[in-house]
Amino acid sequence: MSRTKRGRQWIQRHLNDRFVKQANREGYRSRAAYKLIEIDDRDRLLRPGSTVLDLGAAPGGWSQVCAERVRPGGHVIAVDVLEMAPVPGVGFVQGDMLTDETLDRVLALLPGAMADLVISDMAPNLSGIRAVDAARGEALVEMAVEIAVRVLKPPGAFLVKVFHGASFDRGLKELRSLFETVVVRKPAASRSSSSETYLLARGLLKR
Ligand SMILES: C[S@@+](CC[C@H](N)C(=O)[O-])C[C@H]1O[C@@H](n2cnc3c(N)ncnc32)[C@H](O)[C@@H]1O
């Protein structure tokens with residue numbers, strides 16, 4: 001199939017998608033917002049007063065959900081390599097999370113350089129070369145784990161997007177050694193055709 005035809009099919013599917021329609025109606029910037037809403041309704045991660053670090057935040061759907069649910073008294077710090085239009089109540093750092101410079105800017109914005117919850121919806125820019133994309137996905141998961149372990153205030157919770165294959169297996173194994181519990185979540189808004197899944201780890205055991 002040609003790239004143009006695939007592109008047209010993607011646009012059609014996107015326009016017909018029930019979560020895209022719901023996001024437009026309810027003012028969320030991305031259909032991804034409903035992934036976090038479903039997970040949070042079930043697992044109760046976002047609480048008034050808590051501090052959340054949102055990795056890979058643009059265009060900002062997860063940040064919007066966090067800002068609504070940590071009120072009053074909470075803090076949300078969001079990071080993305082891309083620009084993001086301001087979300088009320090959310091501090092934003094534009095930068096690559098794989099660099100120390102971005103991490104330093106993030107730590108400076110987090111109260112006490114700590115967070116109650118770290119969420120990562122980071123996904124690599126796809127090259128189309130399977131091995132390259134898998135390696136990029138794994139590097140993002142590893143970085144997110146490292147940051148979570150560094151900033152989480154015990155007990156702490158960490159939600160991370162992983163992709164089926166090595167990033168899933170390694171991520172699961174590593175998180176099981178670092179947290180008391182780890183569960184797998186595949187919310188309805190995550191397309192069954194997508195290899196993404198979310199791991200939710202709670203109760204940091206060690207730093
Ligand atoms: C699926 S989108 C996130 C959607 C977002 N959760 C929402 O609700 O709108 C993944 C994001 O990860 C970001 N990203 C990928 N690699 C990154 C990196 N190294 N540092 C920071 N952000 C990164 C991308 O720029 C992209 O905006």
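How many nonpolar, polar and charged residues does the shell around the ligand have? The shell has 15 nonpolar, 4 polar and 4 charged residues. The structure is a predicted model, and the protein chain in it has 7 helices and 7 strands.

**Ligand surroundings**

- The ligand has 23 residues around it, and those that come nearest are Ser-30, Ala-32, Gly-56, Gly-61 and Asp-121.
- Two elements that each supply at least two residues of this shell are helix H4 (61-69) and strand E2 (75-80).

**Overall fold**

- Read from the N terminus, the order of elements in the protein chain is α-α-α-β-α-β-β-α-β-α-β-α-β-β.
- The protein chain is as compact as a globular protein of its length, because its radius of gyration of 17 Å is close to the 17 Å that the globule rule gives for 207 residues.
- The C-alpha trace of the protein chain spans about 50 × 35 × 35 Å along its principal axes.
- Buried residues make up 39% of the 207 residues of the protein chain.
- Among contacts in the protein chain with a separation of 6 or more, 63% come from residues 24 or more positions apart.

**Nonpolar core**

- In soluble globular proteins, nonpolar side chains tend to be buried together.
- The largest nonpolar core of this chain holds 59 residues, of which Ala-33, Val-52, Leu-55, Val-118, Ala-144, Ala-148 and Leu-159 touch the most other members.
- Helix H6 (residues 130-151) gives the most to this core, contributing 8 residues.
- Ala-148 is in contact with Val-118 and Phe-158, when neighbours within four places in sequence are left aside.

**N-terminal region**

- H1 is hardly covered, as the count of buried residues among its 14 residues is 0.
- Ser-2 lies in the segment before H1.
- Ser-2 is exposed because it has 7 other C-beta atoms within 10 Å, where a residue with 12 or fewer counts as exposed.
- The C-alpha atom of Ser-2 is separated by 44 Å from that of Asp-104, a residue 102 residues apart from Ser-2 along the chain.

Methods
Residues are numbered from 1 along each chain as its sequence is written. This is a predicted model: local features need pLDDT of at least 70, side-chain atom pairs count only at pLDDT 80 or more; totals for chains, interfaces and linings use all residues. A residue is near a molecule or strand if its C-beta atom, placed from the backbone, lies within 6 Å of it. Helices (H or I, at least four residues) and strands (E, at least two) are DSSP runs, numbered from the N terminus. Ala, Val, Leu, Ile, Met, Phe, Trp, Tyr, Cys and Pro count as nonpolar, Asp, Glu, Lys and Arg as charged, and the others, Gly among them, as polar. The radius of gyration is taken over C-alpha atoms; the globule rule is 2.2 Å times the number of residues to the power 0.38. A residue is buried if 20 or more other C-beta atoms lie within 10 Å of its own, exposed if 12 or fewer, and partly exposed in between; C-beta atoms are placed from the backbone. Two residues are in contact if their C-beta atoms, placed from the backbone, lie within 7 Å. A nonpolar core is a set of buried Ala, Val, Leu, Ile, Met, Phe, Trp, Tyr and Cys residues joined through C-beta atoms within 7 Å.
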